[in-house]
Amino acid sequence: MGKQDKVKELKVSAIENGTVIDHIPPQSVFQVIGILGLDDINNQIMVGTNLDSGKLGKKGIIKVSSKYFESEEINKIALVAPTATLIVIKDYTVVYKAKVMIPDRINKIVKCINPNCITNHEPIQTRFTVLDKEDLTLQCYYCEKTTKKENIRFL
Amino acid sequence: MRNNSLVSIHDITKADYETILNLAEKFETNPKRKILEDFVVATLFFEPSTRTRLSFESAASRLGAKVIGFSDTTSTSVKKGESLKDTILMVSNYSDIIVMRHPKEGSARFASEVSPVPIINAGDGSNQHPTQCLLDLYSIRKTQKKLDNLHIAFIGDLKYGRTVHSLVIALTNYQTTFHLVSPIELKLPSSVKRYIKEKNLEYHQYTELEDVIPNVDILYMTRIQQERFADPLEYERVKNSYVLRNSMLENAKKNLRVLHPLPRVNEITEDVDDNPKAYYFDQARNGVFVRQALLATILGAKLGK
């Protein structure tokens, strides 16, 4: 274990069981907390931000004990923090580690930005096609309007 | 065509356009063909649009179909708060196909998902109006005898005009050169320009109408609406710069035709109406033939001999 790793360990300690969301852009840390509803659960949570990162320069990290995320929640993370890595830990051991991926289609979780879209007026689950994953752009399957990253609101 | 419904111009391919336009030509030669006598066509107009509704009802009647429906929602269960899904499911019990206009974008797509019978979108808010697009294509092909290698100018509100968006997208299937004339605030949005760029087609942008007239085959005029402007003074400045007068057509090419989705207000002066280059009323007439072709195609009716 190198010196750098030791320092990191001191900053945010390990968890026994749960999920670590690593490599979050620092400006998105609190948004990730919000969209996952982490401010509203009783699990132990450790949050670090503006930590040094080789890949990102600065990064944020969130460790949530005894919590495993569903694919819809992981899609939400991908939309606001596309650089994030998801690490699942069981009994202090990493059992899964992968970068989150923006899916080709986004169902149910995002609200259409168009106030005149039928999905904002009738009980209809939203559906989007991801037009651009780099410069995140979603197209509503119903009204065909596009929603850019800065306008994404979650349902 | 996906699910046999026609919701968006994106649902149909270039081959579909040509099938429909060719069939529309046959209806133009002989509009009265009673090939849908056993069918019921429902026209559900959740917002009024006399022109489009009458065009569809005329098309259905000339094919011998029965027409049921409503032209506004004041006397319907929609007024009582019935959901769109319920209205569509009920009406699909009474009809073989539903033609609908609705003020909310995406309503027709949703209807096509819940309806057991085909849906034809006759306008969903500012989103799509595919039958207008097809009748525009028909009018261009009829007047120019082709769809490839044409110079087509779009004038006025290119930002919000849904007919412009659909027609531009449809024309990217052909070797079109686009001439886009609008005030800066009403330029064609990048979401539509994307289609032109993807096909590497040529396009030019202008702010002056006079600049394009001598070089184009089609002038597609649109109305500039006051409510699009935050500043009323800006509207006053702009509204008269995109008005077509008969004298402006002097140097136009012989084959030029003026199209307009109608209704017009003041963007084409009445002295243009008598110019043989004015084609907007014929364009509206073509709408009936195109809608006959669509109803017949979707309902699987054959022309016979």
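## Exercises on a predicted two-chain model

A hairpin of three residues connects β2(A) to β3(A). Helices (H or I, at least four residues) and strands (E, at least two) are DSSP runs, numbered from the N terminus. This is a predicted model, in which local features need pLDDT of at least 70, side-chain atom pairs count only at pLDDT 80 or more, and totals for chains, interfaces and linings use all residues. Residues are numbered from 1 along each chain as its sequence is written, and chains are lettered from A and ligands numbered from 1 in the order in which they are written.

**Exercise 1.** Determine which strands of chain A pair with β3(A).

*Solution.*
- Step 1. Two strands pair if DSSP finds at least two bridges between them.
- Step 2. Strand β2 (residues 45-53) of chain A is antiparallel to β3(A), with seven bridges; here Gly48(A) lies opposite Ile61(A).
- Step 3. Strand β1 (residues 18-24) of chain A is also joined to β3 (residues 57-65) of chain A, by five bridges in the antiparallel sense. Ile21(A) has Ile62(A) as its bridge partner.

**Exercise 2.** Describe how the two domains of chain A meet.

*Solution.*
- Step 1. The assignment, which is automatic or from a database, gives domain 1 (3-99) and domain 2 (105-154) in chain A.
- Step 2. The centres of these domains, taken over C-alpha atoms, are 26 Å apart.
- Step 3. Five residues of domain 1 of chain A contact six residues of domain 2 of chain A; contact requires C-beta atoms, placed from the backbone, within 7 Å.
- Step 4. On the domain 1 side, helix α3 (residues 71-80) of chain A has the largest share, four residues.

**Exercise 3.** Describe the side of domain 1 of chain B that touches domain 2 of chain B.

*Solution.*
- Step 1. Chain B is assigned domain 1 (2-128 + 287-298) and domain 2 (131-274).
- Step 2. The contact involves 16 residues from domain 1 of chain B and 14 residues from domain 2 of chain B.
- Step 3. On the domain 1 side, α1 (14-29), β4 (119-124) and α9 (280-298) of chain B each supply at least two residues, and α1(B) gives the most, with five residues.
- Step 4. That side comprises nine nonpolar, four polar and three charged residues. Ala, Val, Leu, Ile, Met, Phe, Trp, Tyr, Cys and Pro count as nonpolar, Asp, Glu, Lys and Arg as charged, and the others, Gly among them, as polar.

**Exercise 4.** Characterise the side of chain B that touches chain A.

*Solution.*
- Step 1. In this contact, 13 residues of chain B meet 15 residues of chain A.
- Step 2. The largest share of the chain B side, three residues, belongs to α4(B).
- Step 3. By class, the chain B side has two nonpolar, seven polar and four charged residues.
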